[in-house]
Amino acid sequence: DMAVAKMATRERFIGLAADSKPTGVSVGSTFIEYDTKDIYISYDGTNWSKAKRNSEADEVSAFQHNRN
């Protein structure tokens with residue numbers, strides 16, 4: 001069973017599919033694979049799970065816009 005947890009800080013990372021995803025991050029952080037457009041979410045601060053593709057284009061666009 002998972003209890004409800006408040007996510008106070010969410011980090012966002014971007015890299016290539018071949019890159020190692022970071023560890024020691026905030027729960028709920030995202031990693032966007034720039035070359036594949038796949039999005040991963042860290043559910044425990046160390047491991048990553050691929051997110052569903054229903055809104056990835058919006059997330060990638062928002063991330064890229066914020067980098068400029």
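## The sheet

Strand 2 and strand 3 run antiparallel, joined by three bridges. Strands here are DSSP runs of E with at least two residues, and helices are runs of H or I with at least four residues, each numbered from the N terminus. Two strands pair if DSSP finds at least two bridges between them. This is a predicted model, where local features need pLDDT of at least 70, side-chain atom pairs count only at pLDDT 80 or more, and totals for chains, interfaces and linings use all residues. Residues are numbered from 1 along each chain as its sequence is written, and side-chain values use heavy atoms, with hydrogens and water left out.

The open sheet has four strands in the order 1-2-3-4, and the pairing is mixed. Strand 1 and strand 4 stand at the edges. Each has a single partner strand, so one side of each is left without a neighbour in the sheet. From one strand to the next, the twist averages 25 degrees. For such angles, axes are lines fitted to C-alpha atoms (for helices, over the stretch in contact), and angles run from 0 to 180 degrees between N-to-C directions. Across the sheet, Phe-31 stands opposite Tyr-40 in strand 3.

## Aromatic rings

Rings of Phe, Tyr and Trp (its six-membered ring) pair if their centres lie within 6.5 Å; planes under 30 degrees apart count as stacked, over 60 as edge-to-face and the rest as tilted. This rule gives two aromatic pairs. Phe-13 and Trp-48 are edge-to-face, with 6.4 Å centre to centre and 90 degrees between the planes. This pair links distant parts of the chain. Phe-13 is in strand 1 (residues 12-15) and Trp-48 is in strand 4 (residues 48-50), 35 residues apart.

Trp-48 also pairs with Phe-31, again edge-to-face: 6.1 Å centre to centre, 70 degrees between the planes. Phe-31 lies in strand 2 (residues 30-33) and Trp-48 in strand 4, so this pair ties together parts 17 residues apart in sequence. Together, Phe-13, Phe-31 and Trp-48 make one aromatic cluster.

How open are these rings? Buried means under 20% relative accessible area, exposed over 50%, and partly exposed in between (1.4 Å probe, protein chains only). Phe-31 is buried at 3%. Trp-48 is buried at 16%. Phe-13, at 23%, is partly exposed.

## Salt bridges

Side chains of opposite charge can pair when their charged atoms come close. A salt bridge is a side-chain nitrogen of Lys or Arg within 4 Å of a carboxyl oxygen of Asp or Glu. The whole structure holds two salt bridges.

Lys-21 bridges to Glu-33, with the closest N and O atoms 3.1 Å apart. Lys-21 lies in the loop between strand 1 and strand 2 and Glu-33 in strand 2, so the pair ties together parts twelve residues apart in sequence. Lys-21 is partly exposed at 23%. Glu-33 is buried at 4%.

Asp-38 and Lys-50 form a salt bridge too, at 3.4 Å from N to O. Asp-38 is in the loop between strand 2 and strand 3 (39-42), and Lys-50 is in strand 4, twelve residues apart. Asp-38 is buried at 10%. Lys-50 is partly exposed at 45%.

## Charges over rings

A charge sits over a ring if NZ of Lys or CZ of Arg is within 6 Å of the ring centre and within 35 degrees of the ring normal. Lys-21 has its charged end over the ring of Tyr-40, 4.3 Å from the centre. Lys-37 has its charged end over the ring of Tyr-34, 4.9 Å from the centre.
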